[in-house]
Amino acid sequence: MDLHPGPEKDHVVEVKLSELAPIRRALQENEDWYQDLVEHSKDLLCIHDLKGRLLSINPAPARVLGYSVEELLQIPMREIIAPEFRPEFDAYLKQIEHAGESHGFMAVLTRSGERRIWEYHNTLRREGVATPIVRGLAHDVTEQKRAEKQACEASEAIVQDIAERRQAGEALRRSEENYRNFVSQSSEGIFRDDLEPPVPIDLPEDELIHRFLHDTVMVECNAAMAAMYGFSSGEELRGVPMSERVVPEDACNIEMAREFIRSGFRLLERESHEVDRYGNPKVFLNSMIGTVESGKLVRVWGIQRDITEKVKLEESRRKAEEALRENVAQLREVTEELRLAKEKLSEEKLYLEQAIDTELGFGEIVGRSSALQEVMRKVAKVAPSDATVLLLGETGTGKELVARAIHRLSHREGNSFIKLNCAAIPSGLLESELFGHEKGAFTGAVARKLGRLELADRGTLFLDEVGEIPLSLQPKLLRVLQDQEFERLGGTQTLKVNFRLLAATNRDLLQSVKAREFRSDLYYRLNVFPILIPPLRERREDIRPLVEHFVRKFATQMKKSITSIPSKTMEMLVLWNWPGNIRELENFVERSVILTPGSVLQAPLSEFHTAADQGNGGASATLRDKERERVLRALRDCHGKLGGPDGAAARLGLKRTTLQSKLDHLGIKPGSFRA
């Protein structure tokens, strides 16, 4: 064996090496081309194992994901997969291990958190490698998916728009149908007039009015509109000029057109004087709106109502009222004559009214007003029971009389009625007066004294001005009301009593409770059945019988014969406010009886003017103004009705003829208050 080759063998080797050089260069070029393709490919080219670890990856997708190749190779593939796709990724690893191939879509996360959608097609290789590897090829289809989604949404929007357009068209069709039905069935006239030719709106006003009234033609109207003019259908009225329907020279129609123009071609419920096809005058109420195009009035839409009969009725009513005023003027003379005759009968009236001093069957309580009757109805309901009654009202309204009436109507009528004015007794002695005391209970108690509670046993105890009871005494009174037992002042024996309590006050006890001046538990114990007695100014109907009652009472006491009360005096007494209520009225009547020398009552009416001036403090209000206001209030409340038990005359305590005379004097017309 030749270990050293000869020249011939060297030549053969040189020839073979020279033939391999082009092949090597071609292989190198292919490898460079492949490497360049991998480096610059935007698709994902990677190799990973079956545990989801990247073994190699091209740079471009790594840059898209925001990582370098080195960083990406250190991250498990599962962590760059979107969370909702990770279960799908786990299933992918199992599928490719068993099937050797897998393709589909997968969502990945960039470093910034952006989601990208990749479509992949991967295969498994087992030959020629130590462990199985997966060769992956994926393409970013994010923009494609977005475009498809937008196209889908746009398609849905187009479909929805088409559906909405169809619905709108259907709604428009129904609306037009409803409008046609409304127009055809409406009881009011609906019309459209066109101006032929259209009228420029910048013409002088008078010329524009003339053109509007003469150049307007009926284009369409409903059957109700045609019927107003005597036609059977709107077709017969079509083409009729306005000048043949509306009287152009009528001042009312000219003013209607003027207002239509000045208001910007809008008019609401304005009268027009027109004629029907037979020449009969008609009165319509018009509402119109004009259409202006290119500075010209081209058409007018309107609604018209026939008020001809209404206008005729109003005219008839006006004539009737005029005739009534003339009759009233004639009746005034007769009324005056009747007034004089009625005054002559006053003596007989006084004689007959002596039998009704105890009006409503409640003894000395005099009155006819509905407010007083309501009080008496409550008295009649509560009197038979033993319930505590709290009488509320201003000073002088007659709370004690009401208390006595309750006692007389109760089953305790045969027993005593004990009264105690809590405001008239010093607070130091009030306890002794109410509960009594034993001998030696305090300085000056030289003998035992029975209190009002013992005196009222089996009867009625009336505590007037109960709001004046001191706070220190209120618990003892509360105990008596709750337990019906007490001890005398300075005593130890508990006494049982059976009495009914009636209390009265002119104070606002609830306000006193809030101010901690009166115990709340005592207040609620007293407030079992409250009765509010209205002041005299709220029941003026009672002033007349009260005045007559007091005149008879004091005239009898003073042995005088007073048979007449002037109507002017009675009017003044009825209209006065009486802040002191019945007590003030009684004192005034007593003073008037003292000053009366003959049979006609002479009252010092000048006191009212003096009191009014002092009360006004120089203000402009006068007694006449107050009288006028009271009369107006009564007329409003009675809706202009003068006579009858619910009329203004009864409310004011006046005769109907006297009230009528006063209305004429004050210039008040009751007709304006009637509905």
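**Pockets and nonpolar cores of the predicted model**

The largest pocket has a volume of about 880 Å³. A pocket is found on a 1 Å grid over the protein atoms alone, as an open set of points where a 1.4 Å probe fits, with protein on both sides within 12 Å along at least five of seven lines; lining residues have an atom within 4 Å of a point. Grid points are joined across faces, edges and corners, and the volume is the space filled by probe spheres set on the points. Of the 25 lining residues, Val328, Arg332, Gln660, Pro670 and Arg674 are the closest to the centre of the largest pocket. Two elements give two or more residues to this lining, helix H11 (308-344) and helix H26 (656-666), and H11 gives the most, with eleven residues. Helices here are DSSP runs of H or I with at least four residues, strands are runs of E with at least two, and both are numbered from the N terminus.

This is a predicted model, in which local features need pLDDT of at least 70 and side-chain atom pairs count only at pLDDT 80 or more, while totals for chains, interfaces and linings use all residues. Residues are numbered from 1 along each chain as its sequence is written, and side-chain values use heavy atoms, with hydrogens and water left out.

The second largest pocket has a volume of about 610 Å³. It is lined by 29 residues, of which Thr397, Gly398, Lys399, Leu401 and Ile582 are the closest to its centre. Among the elements that give two or more residues to this lining are helix H13 (370-382), strand E12 (417-421) and helix H22 (581-595). Helix H14 gives the most, with five residues.

The largest nonpolar core has 40 residues. Such a core is a set of buried Ala, Val, Leu, Ile, Met, Phe, Trp, Tyr and Cys residues joined through side-chain atoms within 4.5 Å, where buried means under 20% relative accessible area with a 1.4 Å probe, protein chains only. Residues with the most contacts inside this core include Val547, Trp578, Leu585 and Phe608. The largest share, seven residues, comes from H20. Trp578 touches Leu536, Ile543, Leu573, Glu584, Leu585, Phe588 and Phe608 (heavy atoms within 4.5 Å), not counting residues up to four places away in sequence. Apart from this core lies another of 31 residues, among them Ile418, Leu461, Val497 and Val513.

In the protein chain as a whole there are 26 helices and 19 strands. Buried residues make up 38% of its 675 residues.

Terms used: Buried means under 20% relative accessible area, exposed over 50%, partly exposed in between (1.4 Å probe, protein chains only).
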